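Subject: Structure handover

Hello,

Here is the structure for your files. My notes on what was found in it follow below.

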Amino acid sequence: MAVLSAGFRRDLEIRRYPSLVYGLVPLVALVLQAWLPRILGRFAWFDLPLVVTVYFALGRRSPIQGTLMGASMGLFEDALSHHAIGVNGIAKTVAGFLAASVGVRIDVENFTVRLLLIFLLSLVASVTYAFVTRFLLGMELEWSWLTELFKAFGNSAIAILTFPLLDRLQIRD
Amino acid sequence: MESFFVRYRNLVVLLAVLLAQIIGLAVQVRRIGEGRSTLDPGDGPGVRLIRLWANALVSPAEQAIHNSKLGASGLWQNYIDLRHVREQNQDLQKTIDRLRLEQASLIEDARQGQRLEALTGFQEKYIYKTLAAQVFGSSGSDQSHVFYIDKGASDGLDRDMAVITPDGIVGKVRDVFPHSAQVLAINDPTSGAGVILETTRIRGILRGNTAGEPEIVGILADNRIQAGEKVLTAGGDQIFPRGLQVGKVERVGRDPLRDGFIIITVEAAAHLDRLDEVLVVTSTEPRFAPVDQQEIATSEALKGPEAAAIHDQQIKDQQKAAAVMAEHLPGLIDPNLPADQQPLHDSSNPNPVTNPPKALHPDRFTPGAADGSTGTDAAPQPAPITTPDNKHPGKISSTFKPDAKPSASAAAPATGKAVHPSAAPRRNP
């Protein structure tokens, strides 16, 4: 239980990255998220902006930064669609805040914990999206738990590939 | 107070960001009914600015990736993978020959249709000018069926222009940016297009459902509608020209929201999830485009005589069929016989012409009593019959009253063909 103890929490390091990484990685995620569905069609079960949001929120361990990162990624995603701007923004804001808040309390260096977190936060983001669309806005939405589960699995699979790559970009003392 | 914000600054920031986005959503969404809302079709200035920024940030990179992919696949397809090209070329040549013959055969009908449209004052608009565009990106969300094309305001694109492929319609331009444009596909729930079923001529509105399938709504239940029937654009929406392929009926189901109405799910003719190149209809005119006119002229020059021969043969076949039919049907007037020997007056005729029985209580409405006389002795007089003027079709030239014994000359107009009086056009008294 050492990973969950308060004493261990103080020793957790805050990851730092070059400024270029903060700009380029989210941009690449947004571009690929817009481009890949054309190739994969309806099998595009992933959300790259969410994966990037969670990664940086976990690494930086700052709920404010996680919130702002999630909000900006979500707003850009909304802006590329023809839907109301803010639905994805709210979903990813919540996901970014939760990821950073959890990152403060537990050791997210553990790869399994990271995968579990990205899986759960994907489901949280999907539920938030559906809640905002259906209940806050009163609009129709095609909802399938199976699709959302596949999407959560897809995000976890992408995290397995991308998290180690992104870890290499951090600044080491 | 300061310590409160410092202590809970994370939560305060979270709530502030959420609140700002909720207010932003409230501005964009409009309530349309009990518990139902819709998105405002026109973006406000602030929303449009955010979309413009996002597009300016993402589109150039997307276009670069797309162009790289095109270059690589073009290299493979145009220089390496050229097997069976010769056979394909021959097949295509045969197809072109067949289509040219069809075009030459149909062009007369099209011209006649245009002349009739001119007479009735109706002007159908044809696709006059199109602009080819590459599809390079999507919204990235399975809830938003839009895609991006690499032509924008600088290429003359505007909102609500129709986007099509040779297979069928695809959508309409929803938003225009300087060098790209966002296209709303026909399978999105917020889209709309006027369509007509080809055989039953039933009209409806095409839009997408939440599962991303195009469907026709606003149609009363009709058991004539069968799966497989073609769906075409109706032309009434001021976006899509009339007669373009939309798809075919996939299935018919009841409308759960409205009793007596049905929903027709349509299988789109265009491959909406595999679009690479589309055509944007930038101009429609009541005449054929110069390219089409050139094509028609070429087809007429190459296949005109052949098409005329086929047309003549069809007419001959029809005439022959009519003659065979006439031989098997009994006639009441034979143009080769004198008037008193016509089969009309033959007592052995199994279906003789009979006058209506006399009225028991004649009044002013009784035939032959139009002048008000109600004499019971008055023989019923048939209504005046008019003959058409052969020189001016549609104009009535003369009026006559048939005698008790109709003569062949009176019954026959100037063409020399025998016509039964009842077959002649009548004018209301």
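**Notes on the structure**

In chain B, strand β6 (residues 169–176) is joined to β7(B) by 5 bridges, and the two strands run antiparallel. Val176(B) has Ala181(B) in β7(B) as its bridge partner. Please keep in mind that this is a predicted model.

**The two barrels of chain B**

β6(B) and β7(B) belong to a closed barrel of 6 strands, in the order β3-β4-β7-β6-β5-β14 (chain B), with antiparallel pairing. On average, neighbouring strands of this sheet are turned by 45 degrees against each other, direction ignored. A helix, α3(B), lies across β3, β4 (146–149) and β6 of chain B, and runs at about 85 degrees to β3(B).

Another closed barrel of 6 strands in chain B has the order β8-β9-β10-β13-β12-β11, again with antiparallel pairing. Its twist averages 40 degrees from one strand to the next. The pairings for which I have details are these:

- β8 (residues 193–197) and β9 (residues 203–208) of chain B pair in the antiparallel sense over 4 bridges. Ala193(B) has Leu206(B) in β9(B) as its bridge partner. The hairpin of β8(B) and β9(B) has 5 residues between the strands, and Arg201(B) in this hairpin takes a positive phi near 60 degrees.
- β9(B) is joined by 4 bridges to β10 (residues 214–220) of chain B, and the two run antiparallel. Ile205(B) stands opposite Val217(B) in β10(B). β9(B) and β10(B) also form a hairpin with 5 residues between them, where Gly212(B) in the turn has a positive phi of about 85 degrees.
- β8(B) pairs with β11 (residues 230–233) of chain B in the antiparallel sense, over 3 bridges. Ile196(B) stands opposite Leu232(B) in β11(B).

Arg274(B) lies in the loop between β13 (261–268) and β14 (277–285) of chain B. Is Arg274(B) buried or exposed? Arg274(B) has 10 C-beta neighbours inside 10 Å, so the residue counts as exposed.

**Chain A**

Chain A has 7 helices and 0 strands, and its pattern along the sequence is α-α-α-α-α-α-α. Of the 173 residues in chain A, 47% are buried. Among the contacts in chain A with a separation of 6 or more, 70% are between residues 24 or more positions apart.

For one helix pair there is a detailed description. The axes of α3(A) and α4(A) are 9 Å apart, and the helices pack at an angle of about 170 degrees. α3(A) and α4(A) are therefore roughly antiparallel to each other. On the α3(A) side, the contact is made by Pro49(A), Val52(A), Thr53(A), Phe56(A), Ala57(A) and Arg60(A), and on the α4(A) side by Gln65(A), Gly66(A), Met69(A), Gly70(A), Met73(A) and Glu77(A). These residues divide into 6 nonpolar, 4 polar and 2 charged.

**Where the chains meet**

In the contact between the chains, 40 residues of chain B touch 36 residues of chain A. On the chain B side, the elements that give two or more residues are α2, β2 (36–39), α3, β3 (126–138) and β7 (181–185). α2(B) provides the largest share of that side, 10 residues. By type, the residues on the chain B side divide into 18 nonpolar, 15 polar and 7 charged.

**Nonpolar cores**

The largest nonpolar core has 52 residues, and those that touch the most other members are Val51(A), Val54(A), Ala91(A), Ala95(A), Ala99(A), Leu117(A) and Leu121(A). Both chains contribute: α2 (19–40), α3 (48–60), α4 (63–80), α5 (87–105), α6 (111–136) and α7 (145–167) of chain A, together with α2 (9–28) and α3 (45–80) of chain B, each supply at least two residues. α5(A) gives the most to this core, with 10 residues. Apart from this core lies another, of 45 residues, including Ile196(B), Ile216(B), Val246(B) and Ile264(B).

As for Val51(A), leaving out residues up to four places away in sequence, its contacts are Ile118(A), Asn155(A), Ile158(A), Ala159(A) and Thr162(A).

Regards

How values were computed
Residues numbered from 1 in each chain as written. Chains lettered and ligands numbered in written order. Predicted model: local features only at pLDDT ≥ 70, side-chain atom pairs only at ≥ 80, totals over all residues. Core = buried A, V, L, I, M, F, W, Y, C linked by C-beta atoms within 7 Å. Buried ≥ 20, exposed ≤ 12 C-beta atoms within 10 Å, placed from the backbone. Contact = placed C-beta atoms within 7 Å. Axes fitted to C-alpha atoms, helices over the stretch in contact; angles between N-to-C directions. Parallel < 35°, antiparallel > 145°, perpendicular 65-115°, else oblique. Nonpolar A, V, L, I, M, F, W, Y, C, P; charged D, E, K, R; others polar. Pairing = 2+ DSSP bridges.
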